[in-house]
Amino acid sequence: MSFQRSPTVSTNYMIPEVRNFDQFTTIDWVEEESLKEFKSSLDDNLYQYEVGWRRYVNLIHILWMRGRSFITLTAIGITVGCLAGFIQIFTETLVNWKSGHCARNWMLNKSFCCTQISQETGKLDVIGVVQCVKDGMWINWNNSIIAFLIFTVLSVIFAMLSAFMVKFLAPMATGSGITEIKVHVSGFQYKKEFYSLSTLAVKAIALPLAISSGLSVGKEGPSVHYATCCGYLIVKYLLQSTLTYPEQSEYLIASSASGVAVAFGAPIGGVLFGLEEMSTAAQFNLSTLWKSYYVALCGVSTLQYINPFRNGKIVLFEVTYDKSWHVQELSIFIILGIFGGLYGNFISKWNIWYVEFRRKYLSKWPLYEVLVIAIITALLSYGNEFLQTDMTESMGLLFHECQAYDNSKWDHPLCQIDQNSTMFGFLKIYFALIFATVIRAVGIVVSYGCRIPAGIFVPSMAVGATFGRSLSLLVEKFITGSNVITPGTYAFLGSAAALSGITNMTLTVVVIMFELTGAFNYIIPTMLVVAITRIVFNAFGTEGGIAEKMIAVNGFPYLAFPHQNNELFLNDYFVEDIMTSRIITIKETMHLSELELLLEEVGDRYAGFPIIKTDSQEDNAGKCIGYVSLQHIKAQLGTFSDNGSTLNTIVDFTKDNISSDDDQFIQFKDLVNYTPFTVNRSLSLARLYKMFEKLGCNIVLVEESGFLIGLITKKDFLRFHRSKNRELFGPLYKFDGHLDDKLWSLITTAIDKLKFKNI
């Protein structure tokens, strides 16, 4: 419905916080639930009145109807697991090409090259990487100049291929996708292109290219996107005629859970992610939990069968800690928690600043932006082991205990710190870790959100891992000495802190970290670190992780607004301040020609229409008797048009009238909601907010003594909410414009010199 501003409320609805509202269609959960009941009643009656061979055909159909959910969930899980296996193998192959090649087949990555079938057992025999190189099975680029050129050139090529695919083949494949999915399952339907087959294909190919380029991006967020694409397409193909929007949302949440499960190799963590991060309060039910559990199980089981690492594991950095932690380390764990809270606040803040800077200045040069970031990242990464290697491989090194390595890895500098006779060796490895922490953090700020598939989970974990391991060096060097603490656990806890800080998740992070590492004896330190992270994060007065913040930055409709003053002012305003009084209604009985003319005039601007009584002889003439959605009217009109109804046919929306056998009379009473949500004009907006949040309705009618005087849609409420929030408290994120101007001045100077042109 159109929004009419009240003279008592001064707001501006053309603000950045609502810029993309029109890209979403609001869903009325109550109407969708009524459709679900209607379709269920049809399914229950399918088997009646059939005899003979038709009875058996119908029995097969009923068996399908009863088992369709199980079959659909299985298909989603297997498809997601196969895609995850392909992406992992493809990514590792591209990354390994930057450092060497397989002697027997240059297309094989290290995991496949360094395995062979044992003649005794007939099973795969995994050879250590160092031994594999010594045996000549894997050949590294030995010439330093050639190695540098191959590393840099391939990094840039991979990044540009990814950006080209996204820009020209599937623009919806850019970014993470979690933000859009989160909005979609909350009741605001997004564009179908976001879940299309082309988007899925480009995401699955461009994601490995982006990761292997060395940019500070991860696969976990995009894994959620391609998993929900699989869920959307499979559900549409198998259940398209029987599924309502709430049911579709359950399948999408379950698919997102499987995406996290296969990305981390953490099925329980994936289920918790779907419930903690993707679900709203109204969607938290056992049906969603079961679907998420089963799809995650199928996805991880499929990935385990594929065995992408050729070692029987589904994650690269699975570790076991033999030593327990000491009470004296609690103060160090608190420091890691503080780091996680600070990291989450500052990285998200500066990433949002750069997103706004990109939107303001760099939107015309998306490919050149990726090119420049890829070149700078490659140049800074080469020579630093923790940046040059893949992030998961680097974390596998940082997480492990030195004693847990095989003999071929005992000579790593991280395990030799105590043997350095001078301070030089210590400072060299320490500053390498600090350099990796800073460069990776800055890389996240500029990479997350550019025109490539990009996640933020694993890069944040990598930042926390290098910081945690650098802190362990200080503890060993100046406090405890060697072999007292377990240095790998500091990297492990640092990763948990950074992941919790950037996502604002708690229980999900704890479970994911345990499933990744199996370090169950560190459950108390992990929970402590995550708790401190959350406390520090909230101390800055902001709410929500990076996904919720990007919802507000992108101007997407979503009820939960990440602001500390979110609801303080709502009690001061009432329904009459923001309701729309210009309403298009339909009469309880009208000619078919009138109805079709009305629908032609309004188009798709309205979700539905209130129905009013028209009998002038009654005292209640003009009162609202119900509400009917546009979608239902169009579907029913299509049926009667096929039957040859004339334009003089009378359409009746009243349940009290008796249906006539006359061909000129048709009954639409089954489409009408005779008990729509109604409120009084004096209701506070704080209570209206709770109605939209808890009930899931799209439209609330405003009545006085039974007469319709206005209505409010969920988008109308959100427009007022965000506009008034901005008017009272200023922009959600405030930055100094001088910094933008200075940075843009440097960039334009470079553009002028290189004579860049818009692509």
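User: How many bridges join strand 14 to strand 15?
Analyst: This is a predicted model, in which local features need pLDDT of at least 70, side-chain atom pairs count only at pLDDT 80 or more, and totals for chains, interfaces and linings use all residues. Residues are numbered from 1 along each chain as its sequence is written, and side-chain values use heavy atoms, with hydrogens and water left out. Strands (E, at least two residues) and helices (H or I, at least four) are DSSP runs numbered from the N terminus, and two strands pair if DSSP finds at least two bridges between them. Strand 14 covers residues 699-704 and runs antiparallel to strand 15, and the bridges joining them number six.

User: Which residue in strand 15 stands opposite Val702?
Analyst: Strand 15 (707-713) is an edge strand, pairing on one side only. It belongs to an open sheet of three strands in the order 13-14-15, with mixed pairing. Opposite Val702 stands Gly710.

User: Is Ser705 buried or exposed?
Analyst: Ser705 is found in the loop between strand 14 and strand 15, and has a positive phi of about 60° although it is not a glycine. Buried means under 20% relative accessible area, exposed over 50%, and partly exposed in between (1.4 Å probe, protein chains only). Because its relative accessibility is 64%, Ser705 counts as exposed.

User: Is Asn307 buried or exposed?
Analyst: Asn307 lies in the loop between helix 11 (286-306) and helix 12. Its phi is positive, about 55°, although it is not a glycine. With a relative accessibility of 14%, Asn307 counts as buried.
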